Amino acid sequence: MSEFILEIGTEEMPARFVPRLGQELVELFERLLAEARIDHAGVKAYATPRRLVAHVSGLSLSQRLEEEIVSGPPVKIAYADGKLTKAGEGFAKTQGVAEEDLFVQQTPKGEYLAAKKRVGGGRTQDILPELCLSAFKALSFPKRMKWGSLDFLFGRPLRWVLALLDADVVHLEIAGLTSGRITNGHRVLGPGPWTVDSAADYFDTIRDKANVVLDARERLELVRSEGDRLAATLGGSVVWDEGLLLEVANLVEYPRPILGEFARLYLELPAQVLLTSMQSHQKSFGIKGADGNLLPHFLTTLNIEPTDMAIVKKGWERVLKARLEDARFFWEADLATEFDEWLAKLDSVVFLGPLGSMGDKSRRLEVLCGKLAVACDLPEADMKRAGRLAKADLMSELVYEFDCLQGVIGGIYARKKGESELVAQAIAEQYLPAGPDSPVPATLSGALLAIADKADTMAGCFGLGMIPTGAADPYALRRAALGISRIIVEHGLRLRLDEVLAWAQEGYEKAEGFAGVKWKLAPAEARAKMLDFFGQRLRALFAAGEGADSRVADAALGAGFADIRTLKMRFDALTAFSRQADFEQAVLTFKRASNIIRKQGAEAGAALSVEINDALLETEEERVLAAALRESAGRFEELWAADDFAGLFAMLGELRPAVDAFFDGVMVMAEDPGLRQNRLNMLFTLVERLGRLADFSALQV
């Protein structure tokens, strides 16, 4: 068995390109080697900003020999008068087999001429060039580029190609470059060029001479471990951000973490501002003390081993100081400004086309937050204040500089300017959740303001007909719908979705000082479309969970989803019910009842109801079912009021034997109109309860 190494050297690629490339290389080489019938012991790949490396160990030097059956033309076309036709002869020639080696193969479509042929056996050395080209051309990048007069597209220009099968060069050409045994190292610490004698020598060369740490996980752990060690010397710990840590690990080929410091006076700034300055602008991490407060130090990562560390450290500190000085100036200017001044400026900031200004939006949020507060037992005055001030920080200097901190900065200013903690927390959390993996607001006040903000945007956009289609969603309405749904579920809010959306729509018509909008959709139609939109998002939310069943999600949604909190509990209970051994039989029973009511109810001659006439109960099966329905009615309502949906589904299980016996022993569609009506009423009573729990017709079993 042999060893193969392929290295493509590039100009520096953006850090966001790098992580996926190594994984893709492994997937591509494993697939291509399998298709080529070349055995191997494993594929590994590595990616740095300047190189992509594929390493195959235990590589067979030749393809596997296999026998396969190849189908040809139908027998009636391949033979005429017992002899091969031109079509048959052409098939034999193409497959390289003699006439006597052909045979007839039976297929679902009839008899076809076939041949057995041996495939494989080619030299791996001859197959690898095309295989490597296929792999690298298939790599995906967020953006590709071309350079010079070449038509080749890649993430960044290529600079060298190394390809070795043991000690032999695998000859291939890509983007005007010819492969060889030369690699280049770290630009400063080991530039090279370096000659690699064999694939087995590559990793020693790249580590010891080229000073490159190939493995991204190793680079990441080097930054983490050295950073923790350096922070411990200060009696503190690093404020790690995992996303930034991954980015830093893919910005360097030789990670060298160092500590820097800044003046203590900048600690007067909010921690979020300090961390954003370090992380977003300097790709650095903050250091916090044992008390959780930031220390006047930061951790950054170099890509070199400088001869004079003090000079490099001073340079980093000088750049960060300039950032922090700007932030401090903005902070002090903002603290000297009153909220009323910012609120007045919001009237000159457009929210969204015909939907008025941000000032208009803040007044709508004030009203909507008040209604939500009453519904959820929060202080109405405080929530209305939170809605009114929600967008004020958009006018602050600090948010203009650090736009990613909008809301967070507003919450900090609210505390500084004497607003209540409820108001401050609501403002700080109003933009959560920011995505599917982002947390929802931790406080109830933040949850309600976030709902109000998202619902207001959705009501306006849907009223204007700005409904997402396909992948296009410029106003993030899908994220807004999922956010509202997650907030209601995770906070267990007793809010009706249709009411919340109606309140949001009313805000546009009744908002103080707002001239109104010329809607493209009538409010009722827009609200119906919003509810349908929520239904689609809720299905995606529930069906995407671990172990979730899309049929169960459809059944739970089919019973209504205006009360999202209750929907989630029904979904969970139905999921548990669906895992019981007799679930499929139960579904068939209840679906049968639903189908009869749906198909025969309209022909009953009178409106169906839950009234059952005991005098018309002729059979024992009827009397047993009627008694079971009557006795369980009160308990059903008690369990419903207590949100005990597991108990409700268990009750259905208790009713099922009586329902099965009823179907076995009773003719529902009796000729006598009275009997027929009474029996349909019994099933209607059952179906009415079923319909509150789930749409059993959606459960295909």
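The legends below describe close-up views of a predicted model. Local features need pLDDT of at least 70 and side-chain atom pairs count only at pLDDT 80 or more, whereas totals for chains, interfaces and linings use all residues. Residues are numbered from 1 along each chain as its sequence is written, and side-chain values use heavy atoms, with hydrogens and water left out.

**View A. The largest nonpolar core and Leu-398.** The largest nonpolar core holds 133 residues. Such a core is a set of buried Ala, Val, Leu, Ile, Met, Phe, Trp, Tyr and Cys residues joined through side-chain atoms within 4.5 Å. Buried means under 20% relative accessible area, exposed over 50%, and partly exposed in between (1.4 Å probe, protein chains only). Leu-372, Leu-398, Ile-451, Met-458 and Phe-696 have the most contacts inside this core. Helix α16 (residues 444-463) gives the most to the core, with eleven residues. Helices (H or I, at least four residues) and strands (E, at least two) are DSSP runs, numbered from the N terminus. Apart from neighbours within four places in sequence, Leu-398 is in contact (heavy atoms within 4.5 Å) with Val-273, Ala-327, Phe-330, Trp-331, Asp-334, Ile-409 and Tyr-413. A second, separate core has 43 residues, among them Leu-33, Ala-135, Phe-154 and Ala-163.

**View B. Packing of helix α1 against helix α4.** The axes of α1 (residues 18-35) and α4 (residues 124-138) lie 10 Å apart, at an angle of about 140 degrees. That angle makes α1 oblique to α4. Axes are lines fitted to C-alpha atoms, for helices over the stretch in contact, and angles run from 0 to 180 degrees between N-to-C directions. Angles under 35 degrees count as roughly parallel, over 145 as roughly antiparallel, 65 to 115 as roughly perpendicular and the rest as oblique. The crossing of α1 with α4 is right-handed, a term for a near helix turned clockwise from the far one by less than a right angle; anticlockwise is left-handed. From α1, Glu-24, Leu-25, Leu-28, Phe-29, Leu-32 and Leu-33 meet Leu-131, Cys-132, Ser-134, Ala-135, Phe-136 and Ala-138 of α4. The residues of this contact divide into ten nonpolar, one polar and one charged. Ala, Val, Leu, Ile, Met, Phe, Trp, Tyr, Cys and Pro count as nonpolar, Asp, Glu, Lys and Arg as charged, and the others, Gly among them, as polar.

View C. Asp-554 belongs to helix α20 (residues 550-558) and is partly exposed, at 28% relative accessibility. Beyond four places in sequence, Asp-554 is in contact with Arg-539 and Ala-698. Its C-alpha atom is 9.5 Å from that of Gly-535, 19 residues apart along the chain. Glu-317, in helix α9 (residues 309-335), is buried, with a relative accessible area of 17%.

View D. The bond from Gly-192 to Pro-193 is cis, with omega near 10 degrees; Pro-193 sits in the loop between β13 (182-183) and β14 (194-195). The bond from Leu-432 to Pro-433 is also cis, with omega near -10 degrees, and Pro-433 falls in the loop between α15 (421-429) and α16.

View E. Arg-37, not a glycine, has a positive phi of about 60 degrees. The residue lies in the loop between α1 and β2 (42-48) and is partly exposed, at 21% relative accessible area. Lys-283 has phi near 50 degrees, in the loop between α8 (271-282) and β17 (285-288).
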